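Here is a short briefing for a reader new to this structure. Please look over the sequence and the 3D view before reading on.

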Amino acid sequence: GPISPSELAARPDSPAGAAAFGRYVVSQLNAAYRIPDLARYDSILAPGCDTCVRGKADLEDMVKAGHRMEADMWSVTASRVLTWGGGSAELEVLIQQHRVGVIDALGRRVDENVERAGHFQLTLTRVDNSWKVAKWLNVQP
């Protein structure tokens, strides 16, 4: 299908492309949890991202239970490049997690997120002319 403007902005091997990829990661994760769709989660990961395993397991558990988020759970407050060198980058991504319901297949609320701020450090690498997350760290305040 057509490529979204946010995906196009996230493609260049440049500091601006890497920062845009941080925002794109959040949009893909929101969609992955809202639809739910494991392929969207996998589409942003480099092979062997060991630190991404917990997030994927969480999404797999939701899919198995027949649950999904009823709306986008995260919004980006900042996506900044900490380091960049052709083909690799380190990003700081700040998010706001919203209070969003987890619903079952019938649309009944079975749980909900808590509202809070999040701080992540992502290590990016180039795979097939696209950025991918090679390492995902949750930075504690």
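Serine 14 is in contact with Trp84 and Trp131, leaving aside its neighbours within four places in sequence. Serine 14 is found in the loop between helix H1 (5–9) and H2. The model is predicted.

**Serine 14**
- Serine 14 and glutamate 112 are 98 residues apart in sequence.
- In space, the C-alpha atoms of serine 14 and glutamate 112 are 37 Å apart.

**Nonpolar core**
- The largest nonpolar core has 32 residues.
- Phe21, Trp74, Leu122, Leu124, Val133 and Trp136 have the most contacts inside this core.
- Two helices, H2 (15–34) and H4 (53–65), each give two or more residues to this core.
- Strands E3 (88–97), E6 (116–127) and E7 (130–138) also give two or more residues each.
- H2 gives the most to this core, with 9 residues.

**Tryptophan 74**
- Tryptophan 74 is one of the core residues with the most contacts inside the core.
- Its contacts include Val26, Leu29 and Asn30, with residues up to four places away in sequence not counted.

**Largest pocket**
- The largest pocket has a volume of about 850 Å³.
- H2, H4, E3, E5, E6 and E7 each supply at least two residues of the lining.
- E6 gives the most to the lining, with 5 residues.
- By class, the lining has 18 nonpolar, 9 polar and 5 charged residues.

**Hairpins**
- E6 and E7 run antiparallel and are joined by 8 bridges.
- Phenylalanine 120 stands opposite asparagine 138 in E7.
- The hairpin of E6 and E7 has 2 residues between the strands.
- In that turn, aspartate 128 has a positive phi of about 50°.
- Strand E2 (residues 74–85) pairs with E3 in the antiparallel sense over 10 bridges.
- Glycine 85 stands opposite serine 88 in E3.
- The hairpin of E2 and E3 has 2 residues between the strands, and glycine 87 takes a positive phi near 90°.

**Open sheet**
- An open sheet of 3 strands has the order E1-E4-E5, with antiparallel pairing.
- Its edge strands are E1 (68–69) and E5 (109–112), and each pairs on one side only.
- E1 and strand E4 (residues 101–103) pair over 2 bridges.
- Arginine 68 stands opposite isoleucine 103 in E4.

**Tyrosine 33**
- Tyrosine 33 is found in helix H2.
- Is tyrosine 33 buried or exposed? Tyrosine 33 counts as buried because its relative accessibility is 7%, and buried means under 20%.
- Tyrosine 33 and isoleucine 44 are 11 residues apart along the chain, and their C-alpha atoms are separated by 14 Å.

Notes
Residues numbered from 1 in each chain as written. Predicted model: local features only at pLDDT ≥ 70, side-chain atom pairs only at ≥ 80, totals over all residues. Heavy atoms only, no water. Core = buried A, V, L, I, M, F, W, Y, C linked by side-chain atoms within 4.5 Å. Buried < 20%, exposed > 50% of the residue type's maximum accessible area, 1.4 Å probe, protein only. Helix = DSSP H or I, 4+ residues; strand = E, 2+ residues; numbered from the N terminus. Contact = heavy atoms within 4.5 Å. Pairing = 2+ DSSP bridges. 1 Å grid on protein atoms, 1.4 Å probe; cavity = no way out; pocket = protein on both sides within 12 Å on 5 of 7 lines; lining within 4 Å. Points joined across faces, edges and corners; volume = space filled by probe spheres on them. Nonpolar A, V, L, I, M, F, W, Y, C, P; charged D, E, K, R; others polar.
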